[in-house]
Structures are given as C-alpha cells and as structure tokens.
Amino acid sequence: MIKRYKQNEIEKLVEILKNDGVISVPTDTVFGVCARMNSKIAHDNLIKVKNRPISKSFPVMCADIEQIKNVAIVTEREEKLINVFMPGPITLVLKKNKELPSYVTNGKETIAIRMATSKALEELIQKLGCPVFMTSANQSGKKECTNLEEIEKNYSNKLWEEKYTKVLLGQTK
C-alpha cells in the first residue's frame, strides 16, 4: 500500500525529496512521479522506479519563470511564450543553461521545461528550493496512471514499496 499524504503535509514530501526519494503527484493530465533535479542520486532513483532507459532525459518542472531562467536560456520570444501559456499543459524545449550538470539532460544541449499547474505542486517545488524531474507515473512504455489504484498496480514491486511509497493526494484535471 502506498503511503498517501494530504496537500497540507507538503513539508513531509519535501523531506522525502531532499533525501533523494521519489514521490507521485497529480498533474494537469495524469499522475506523475518526480525527484529533485539537483541530485544525481535522486535522478538515478527515478530511472530505477520508471524502469526507463538511461538515454532518455526527464522533463523538468519549475515553480515559476525564475526557476526556468536558472535551468534554461530564455530569449525574449520564449519569455513571451512562457508568460502567455504557462502554467498550462505545455512543454517548452529550450537550450539548457551551460552550468547544469550533464546528468540533467543526459548530455543533450536542450531541456524540456514545464511549469507547475497546481498551487500544491508549485508550493512543493518552492519549498524544495529547486525544480523537479517530472514524468508520468507509469513504468516506461506502459499506460499512464490517472488514479491512485493504477499507480499501486503499476508499482507493485519491492523497490517501490520499500523506497518510494509516497504520494501527494489530489486529482488530475
């Protein structure tokens, strides 16, 4: 059984993320799994949980435009797009900030960026102090999870049960 947290328990989830854990959260479309971006260990834990090919980089979810500007090169044109369409169900592929460690983009020169679409997710990222890797809560190549029961079914393995049994309660839109 996955341990479930209410939206007023964000501090507990922040601590899990700070300790390189992986959590599941509702997004604007499906449930996602996330890990903090500023830790290679957290990144590798997310790869294990997703059973994802190491060559495939994760999108990054930011709390606001300032975080986006810290991880990507934002031109005037791109800033206009961000101001018009974010937060929302859009992912922008931007040139990465040269200071980012290579594991963040798997050595690619671009980074896929989203902005938090819920206040709870925005608060989680703000309190964490860095963006998160965010991807759909399903095993790589399998159907996306749209509810908690699907997450439990998809992640009924020992690794998930022992290390990553945390989820922020909420609904997808």
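Me: Among contacts in the chain between residues at least 6 apart in sequence, what percentage join residues at least 24 apart?
Reply: The model under discussion is predicted. The contacts concerned are those between residues at least 6 apart in sequence. Of these, the share that joins residues at least 24 apart is 66%.

Me: How many helices and how many strands does the chain have, and what percentage of its residues is buried?
Reply: The chain has seven helices and nine strands. A residue counts as buried when its relative accessible area is under 20%. For the 173 residues of the chain, the buried share is 51%.

Me: What is the average pLDDT of the chain, and which element has the lowest mean pLDDT?
Reply: The chain averages a pLDDT of 85, and 87% of the residues score at least 70. Among the elements, strand S5 (residues 72-73) has the highest mean, 98. The lowest mean, 49, belongs to helix H7 (residues 158-163).

Me: Over which residues is the pLDDT below 50, and how many contacts does this stretch have beyond near neighbours in sequence?
Reply: The stretch with pLDDT below 50 covers residues 168-173. Beyond near neighbours in sequence, the number of contacts this stretch has in the model is 29.

Me: How do the residues of the lining of the largest pocket divide into nonpolar, polar and charged?
Reply: Among the lining residues are Val30, Gly32, Thr91 and Ser136. The division is three nonpolar, six polar and one charged.

Me: Is Gln67 buried or exposed, and which residues does it touch beyond four places away in sequence?
Reply: Gln67 is found in helix H3 (residues 65-71). Its relative accessibility is 9%, and therefore Gln67 counts as buried. Leaving out residues up to four places away in sequence, the residues that Gln67 touches are Cys62, Ile125, Gly129, Cys130 and Pro131.

Me: Where does Ile16 lie, and how far apart in space are Ile16 and Arg36?
Reply: Ile16 lies in helix H1 (residues 10-18). With a relative accessible area of 13%, Ile16 is buried. Ile16 and Arg36 are 20 residues apart in sequence, and their C-alpha to C-alpha distance is 9.7 Å.

Me: Which residues is Gln126 in contact with, leaving aside its neighbours within four places in sequence?
Reply: Gln126 lies in helix H5 and is partly exposed, with a relative accessible area of 40%. Gln126 and Asp64 are 62 residues apart in sequence but 8.7 Å apart in space, C-alpha to C-alpha. Leaving aside neighbours within four places in sequence, the residues in contact with Gln126 are Ala63 and Asp64.

Me: How many salt bridges are there, and how far apart are the closest N and O atoms of Lys12 and Glu9?
Reply: Side chains of opposite charge can pair when their charged atoms come close. The count of salt bridges comes to nine. The closest N and O atoms of Lys12 and Glu9 are apart by 3.2 Å.

Me: Which helix holds both Asp44 and Lys40?
Reply: The side chains of Asp44 and Lys40 meet in a salt bridge of 3.0 Å, N to O. Asp44 is partly exposed at 24% relative accessibility, and Lys40 is partly exposed at 40%. The two residues are four apart, about one turn of the helix, and the helix that holds both is H2 (residues 40-50).

Me: Which residues are linked with Lys127 in a network of salt bridges?
Reply: Lys127 and Glu123 both lie in helix H5 (residues 119-128), about one turn of the helix apart. Their side chains meet in a salt bridge of 2.9 Å, N to O. Lys127 is partly exposed at 36% relative accessibility, as is Glu123 at 34%. The residues linked with Lys127 in the network are Glu11 and Glu123.

Conventions: Residues numbered from 1 in each chain as written. Predicted model: local features only at pLDDT ≥ 70, side-chain atom pairs only at ≥ 80, totals over all residues. Heavy atoms only, no water. 1 Å grid on protein atoms, 1.4 Å probe; cavity = no way out; pocket = protein on both sides within 12 Å on 5 of 7 lines; lining within 4 Å. Nonpolar A, V, L, I, M, F, W, Y, C, P; charged D, E, K, R; others polar. pLDDT = per-residue confidence, 0-100. Contact = heavy atoms within 4.5 Å. Buried < 20%, exposed > 50% of the residue type's maximum accessible area, 1.4 Å probe, protein only. Salt bridge = Lys/Arg side-chain N within 4 Å of Asp/Glu carboxyl O.
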